[in-house]
Amino acid sequence: MILRNFNELIGVAKVRGRRTVAVARAEEESVLEGLRMAWEDELVEPVLVGDGRRIEALVGRLGLPPGWRVVHAAGDDCDAARRAVQVLRDGEAELLMKGQMQTSTLFKAVLEHSQGLPKNGILSHIAFVEIASYPKLFGATDGGLTVQPSFEQKVRIVRNAAQAFHRLGYRRPKIGLLSYVERVKEGDPETMDWRRIVEMAQGGAFGDVVVEGPLAMDLCLSLEAKRVKRVDSEVAANVDVIVAPNITACNASTKALILQGGSGAGVVVGASAPIVALSRGDAPKTRLCSIAAAIAMLPERRSDAC
């Protein structure tokens, strides 16, 4: 499978069927508008966690469906985050979404040893980007959680990316390891880490994937750069997901592409459930696409036996 744009991603999510999302501190207009769009596209059944009176007032003012479930959290943001996580732990939701609270507050509840969500080694953020100059949707990681990953953390970020794209339906995802050069430089930890990870991928450490690097950004996304530099590569100009060496490289490059007319979304992976954790300024359409990406990573429901 190759997803060319967000419309196709939303189509994959629709195949998964309507899923339940627990929203921590849901009393914010752009959060509810994003949920409205996802509900109208038959993607979600929301569980709204937070100040019950404020949520119900907003639901009424915005003309949202009256049947959405509200879980009242009388305490502070920490209480709302814990209650939203508990909704998932109780099996009453399949994905988690951040509302009007700090990201760190939500992830403190997610990572709580006894009452959080089980995780697979490390949590990492995958941004999904659609730009006119590239023929398909691509991911970039990790621009949101691990600031300066160690080698072991880079390995886990690559593994999370491979697993996420397999769940999206990609048979053999193409992963590019981002750097400032295309050759390994002896004594340079960044490019040497990438060489080790490529060797691990060739040995099957990440399943059925193609991993190449180091690759500069132009080689990841530009067929012209590949032609001019005469690079023989399966991943260059054909990347499905870019793994950056640190949070700044990933965050800055993806935001620059989006600010130049691209579209974006994001999902946190590595926990037992996908997590939608966007900034407060993100538009409802970004929230819709992020919800769709999270749902598309869930397994399809099995039909009841006849």
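Mentor: Glutamate 33 has a relative accessible area of 21%, so it counts as partly exposed. The cut-offs are these: buried is under 20% relative accessible area, exposed is over 50%, and partly exposed is in between, with a 1.4 Å probe and protein chains only.

Two notes on the numbers come before the rest. The model is predicted, so local features need pLDDT of at least 70 and side-chain atom pairs count only at pLDDT 80 or more, while totals for chains, interfaces and linings use all residues. Residues are numbered from 1 along each chain as its sequence is written, and side-chain values use heavy atoms, with hydrogens and water left out.

The side chain of glutamate 33 meets that of arginine 36 in a salt bridge, at 3.0 Å from N to O. The term stands for a side-chain nitrogen of Lys or Arg within 4 Å of a carboxyl oxygen of Asp or Glu. Side chains of opposite charge can pair when their charged atoms come close. Glutamate 33 and arginine 36 are 3 residues apart in helix 2, so about one helical turn separates them. An α-helix has 3.6 residues a turn, so residues three or four places apart point the same way. Helices (H or I, at least four residues) and strands (E, at least two) are DSSP runs, numbered from the N terminus.

Helix 2 takes part in another pair. Glutamate 29 forms a salt bridge with arginine 61, with 3.2 Å between the closest N and O atoms. Glutamate 29 is in helix 2 (residues 29-40) and arginine 61 in helix 3 (residues 52-62), so this pair ties together parts 32 residues apart in sequence. Arginine 61 is exposed at 56% relative accessible area, and glutamate 29 is partly exposed at 37%.

By the same rule, the count comes to 19 salt bridges. Among them is the one between arginine 4 and glutamate 8, at 2.5 Å from N to O. Arginine 4 is exposed, with 52% relative accessible area, and glutamate 8 is partly exposed, with 23%. There is also a network of salt bridges that links Arg171, Arg172, Asp208 and Glu234.

Now for the wider chain. It is divided into domain 1 (1-118 + 272-301) and domain 2 (121-266); such bounds come from an automatic or database domain assignment. Their C-alpha centres lie 27 Å apart. Contact, meaning heavy atoms within 4.5 Å, joins 20 residues of domain 1 to 18 residues of domain 2. The two domains bury about 1600 Å² between them, and 68% of that is on carbon and sulfur atoms. Buried area is the accessible area (1.4 Å probe) that two parts lose on being put together, summed over both. In domain 1, the residues that lose the most area to domain 2 are Met1, Phe6 and Met297, together 39% of what that side buries.

Between the domains the count is 0 salt bridges. On the side of domain 1 that touches domain 2, the elements giving two or more residues are helix 1 (6-16), helix 5 (103-111) and helix 11 (284-296). Helix 11 gives the most, with 5 residues.

Helix 5 has buried residues too: Thr105, Leu106, Phe107, Ala109 and Val110. They pack against several elements, including helix 4 (77-89) and strand 5 (119-130).

Threonine 141, in strand 6 (residues 138-141), is buried with a relative accessible area of 0%. Valine 155 is in helix 6 (residues 151-167) and counts as buried at 8%. Leaving out residues up to four places away in sequence, valine 155 touches Ile197, Met200 and Phe206.
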